[in-house]
Amino acid sequence: MSKPTVMLTPALDAFIERMPKVELHLHLEGSIESQTLLDLAARNKIEIPAQNVAGVEQLLRYRDFGEFLTVYMALVRAVVTGEDFERLAYELGRHLATQRVRYAEVMVSPMQHILRDVDMLEAIAGTAAGFARAQRETGVRVNLAFDFGRQYGPERAWHVLEVAQQAMPYGVVAWSIGGNEIGNPPEPFAEVFAAARQAGLQVMAHAGEVVGPASVWGAVDVLQSARIGHGIRAIDDPRLIAHLRTRGTVLDVSPSSNLYTGAASSWTMHPLRRLYDAGVIVTINTDDPTFFHTTLSSEFRLAVKHFGFTADDLVQVTRNAVFGSFLPAAEQVALWQEIEAEIATLRAELGV
Ligand SMILES: [Zn+2]
């Protein structure tokens, strides 16, 4: 791999800070602020393995994906009522506005809530209300996706899919699988995904994060996912790379997430640059900003620092996100026109 030669100049840094953005791979529960987590745990009388913000931060260090998932599950139990979800969504919406995000697709993971007897429709109604309030105040627009934990198996997915359909009036536009990829391949979910598409939901899947190319092949060919969460292990299979290119499949890459969970062993080993250079459509995302100590602007800076991305490249990944989004085609075009015009003004002002 050639060494990146792009410098993060003050002008490029300012451009990253101020450029309008789109984020497609983001979990509501993974965006909870540490203080909010503590507040909700106290109010709902839920015991979590931390007493203060420093305690929460201490937990957010993992050796691997399994450990991350364990911490995640333990902390997310603090979120219970529709009002709690509203607060999470409102705070995330405000946060996205600080990152100059204009449009985001946010995943909610229903199973971990359903198993605790949380009323999912109440949760989604609260989530929608929180994002609506953030939109009124900041203009940021959000659509929602159900991200089903694949470890719970396809049988249980049918009931959750029904809930997802009932939640469509609240802005749920997509169905996805996430959770533990090891031992849980995509193929058994084929019928559930077909039913989701039939119901008018868009589909995507986490794949090729901790499991190799086979998982991505299944997500693309069997589940017919237009977008793949992560998909970084596709780099191990040149035939798959060509297939993704031909199909126009979008890989929603979250570099810091991959480093924290060990999905990538180092920045040098992370294949973002190689995927991008191979002509695969990639976007850059935060995944779980709280759990991976990041923001979208930070991820863009890291893309400059570690992968040599230029301003042009960052504009390209933003364009990829607009046209890879689940917005209707006409809205994608309108959103891009708005973003493109703003970027042109900003580049002229900053000279980047
Ligand atoms: Zn994810």
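Which helices are included in what covers the buried residues of helix 4? The model is predicted: local features need pLDDT of at least 70, side-chain atom pairs count only at pLDDT 80 or more, and totals for chains, interfaces and linings use all residues. Residues are numbered from 1 along each chain as its sequence is written.

Select residues 65-76, which form helix 4; helices (H or I, at least four residues) and strands (E, at least two) are DSSP runs, numbered from the N terminus. From first C-alpha to last, the 12 residues of helix 4 reach 16 Å, close to the 16 Å expected at 1.5 Å a residue (1.5 Å times one less than the number of residues).

Next, pick F68, Y72, L75 and V76, the buried residues of helix 4. Buried means that 20 or more other C-beta atoms, placed from the backbone, lie within 10 Å of the residue's own. These residues lie on the same side of helix 4, because the arc they cover around the axis is only 90°, taken from the directions from the helix axis to the C-beta atoms. The cover over them includes helix 2 (34-43), helix 6 (110-114) and helix 12 (255-261).

Move to R227, in strand 6 (residues 227-230). R227 counts as buried because it has 26 C-beta neighbours inside 10 Å. Leaving out residues up to four places away in sequence, R227 touches L24, M204, V250, D252 and G324 (contact: C-beta atoms, placed from the backbone, within 7 Å).

Finish at W175, which contacts A145, F146, L161, A164, A196, L201 and V203, neighbours within four places in sequence aside.

Note on methods
A residue is buried if 20 or more other C-beta atoms lie within 10 Å of its own, exposed if 12 or fewer, and partly exposed in between; C-beta atoms are placed from the backbone. Two residues are in contact if their C-beta atoms, placed from the backbone, lie within 7 Å.
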